[in-house]
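Work through the exercises below with the coordinates open. Try each task before reading its solution.

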Amino acid sequence: MAANLLATLGDLERDSFVPLLSKLIGESKHPPELIPQEDRVVKHVLDILLPFSTTSSGGPLLVNHVTYHAGRGNLIIEYPGTVPGKILSFVGCHMDVVTVNPNDWDFDPLSLTVDGDKLRGRGTTDCLGHVALVTELVRKLGETKSNLKSTIVAVFIANEENSAITGVGVDALVKDGLLNKLKDGPLYWIDTADKQPGVGTGGMIPWKLHVTGRLFHSGLAHKEQVYGFATPSTMKPTQWSYPGGGINQIPGECTISGDVRFILLLS
Ligand SMILES: [Zn+2]
């Protein structure tokens, strides 16, 4: 008889979830700067899952550590079901966090604080908490060897937070066809796009707005009646620029330039 996935997961075990999350959040300190080292998180996940893998212990879990950039691996874990082609996947738990300057905080964001049933630290909701949660799910599958109809696949990814860098995380996995078979069943994207704990979010739609008008001299805008404004000789902003970055980042600076015309009075 096939077991139920939720029954297999049962209650979340605080005594294994919290210490794992604590280790994951502690790794955000390395390095403190811009390039995450996801393999530091991978190591903790594998410490828990390898004892149930096919290679090291004859267990049921198929473990695939896929690396496109040194130190920045992705993990694909598969638990085989009994019905060929039936598949259910959890994708998108990312092992990087947005960088943070600890000096700007009145508590240490790079270590987990446990206050009753409140957990606090960088990545608790986005997304190391999800990494720990899905690791716990897969560990339970490995331990119980439940008889499930569906194959369960968990995909932990690198480089989700910086879309300016490509070829490291889920985009590379897709390009290599490593997620193709997940299309045959429901795929849950496990991440949060808000500050509260989320059940899940469903991707992103990038957009851009391009505005066209007439190019003319900054001092003569009033001659274009359609725009209905006059331009005096004072500050006229004419050009805007910013340093670039990912489409999911608000730039930290912006430069606006223009000209001011002086009137020379002769008497
Ligand atoms: Zn996220």
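## Exercise 1: Aromatic pairs

At 22% relative accessibility, Phe-107 counts as partly exposed. The model is a predicted one.

**Solution.** 

1. The count comes to two aromatic pairs.
2. Phe-90 and Tyr-188 are stacked, at 5.8 Å centre to centre with 20° between the planes. The stacked label applies because planes under 30 degrees apart count as stacked.
3. Phe-90 lies in strand E3 (residues 87-94) and Tyr-188 in strand E7, so the pair ties together parts that are 98 residues apart in sequence.
4. Check burial. Phe-90 is buried at 14% relative accessibility. Tyr-188 is partly exposed at 44%.
5. Trp-105 and Phe-107 have ring centres 5.5 Å apart and planes at 85°, so this pair is edge-to-face. The cut-off for that class is over 60 degrees.
6. Trp-105 is partly exposed, at 35% relative accessibility.

**Task.** Which residue lies over the face of Phe-107?

**Solution.** Arg-120 does, at 3.8 Å from the ring centre.

## Exercise 2: The zinc site

**Task.** Which protein atoms are donors of the zinc ion, and what is the geometry of the site?

**Solution.** 

1. List the donors. They are His-94 (NE2), Asp-126 (OD), Asp-191 (OD) and Asp-191 (OD). They lie 1.8 to 2.5 Å from the zinc ion.
2. Take the angles. Among the four donor atoms they run from 56 to 146°.
3. The site of the zinc ion is irregular.
4. Read the spacing of the donor residues along the sequence: H-x31-D-x64-D.
5. Asp-126 lies in the loop between strand E5 (118-120) and helix H5 (128-144), and Asp-191 in the loop between strand E7 (187-189) and strand E8 (236-241), so the pair ties together parts that are 65 residues apart in sequence.

**Task.** Is each aspartate buried or partly exposed?

**Solution.** Asp-126 is partly exposed at 25% relative accessibility. Asp-191 is buried at 5%.

## Exercise 3: Strand E2 and its partners

**Task.** Which strands pair with E2, and in what sense?

**Solution.** 

1. Start with strand E1 (residues 62-67). Six bridges join E1 to E2, and the two run antiparallel.
2. Find a bridge. Thr-67 has Gly-73 as its partner in E2.
3. Look at the connection. E1 and E2 form a hairpin with five residues between them. In the turn, Gly-71 has a positive phi of about 80°.
4. Turn to strand E6 (residues 151-157). E2 and E6 pair in the antiparallel sense over five bridges. The bridge partner of Ile-76 in E6 is Val-155.

**Task.** How many residues of E2 (residues 73-79) are buried, and on which faces?

**Solution.** 

1. Seven of its seven residues are buried.
2. In a regular strand the side chains alternate between the two faces of the sheet.
3. One side of E2 holds Gly-73, Leu-75, Ile-77 and Tyr-79. The other holds Asn-74, Ile-76 and Glu-78. Both faces are covered.

## Exercise 4: Surroundings of Ile-256

**Task.** Where does Ile-256 lie, and what is it in contact with?

**Solution.** 

1. Ile-256 lies in strand E9 (residues 255-259).
2. Ile-256 is partly exposed, with a relative accessible area of 47%.
3. Leave aside neighbours within four places in sequence. Ile-256 is then in contact with Pro-237, Gln-239 and Trp-240.
4. Compare C-alpha positions. Those of Ile-256 and Lys-236 are separated by 9.8 Å, with the two residues 20 apart along the chain.

Key:
Residues are numbered from 1 along each chain as its sequence is written. This is a predicted model: local features need pLDDT of at least 70, side-chain atom pairs count only at pLDDT 80 or more; totals for chains, interfaces and linings use all residues. Side-chain values use heavy atoms; hydrogens and water are left out. Helices (H or I, at least four residues) and strands (E, at least two) are DSSP runs, numbered from the N terminus. Buried means under 20% relative accessible area, exposed over 50%, partly exposed in between (1.4 Å probe, protein chains only). Contact means heavy atoms within 4.5 Å. Two strands pair if DSSP finds at least two bridges between them. Donors are N, O and S atoms within 2.8 Å of the metal (3.2 Å for Na, K and Ca); water is not among the atoms, so sites may look incomplete. Four donors count as tetrahedral if all angles lie between 85 and 135 degrees; four count as square planar and six as octahedral if opposite donors are over 155 degrees apart and all others between 65 and 115; anything else is irregular. Rings of Phe, Tyr and Trp (its six-membered ring) pair if their centres lie within 6.5 Å; planes under 30 degrees apart count as stacked, over 60 as edge-to-face and the rest as tilted. A charge sits over a ring if NZ of Lys or CZ of Arg is within 6 Å of the ring centre and within 35 degrees of the ring normal.
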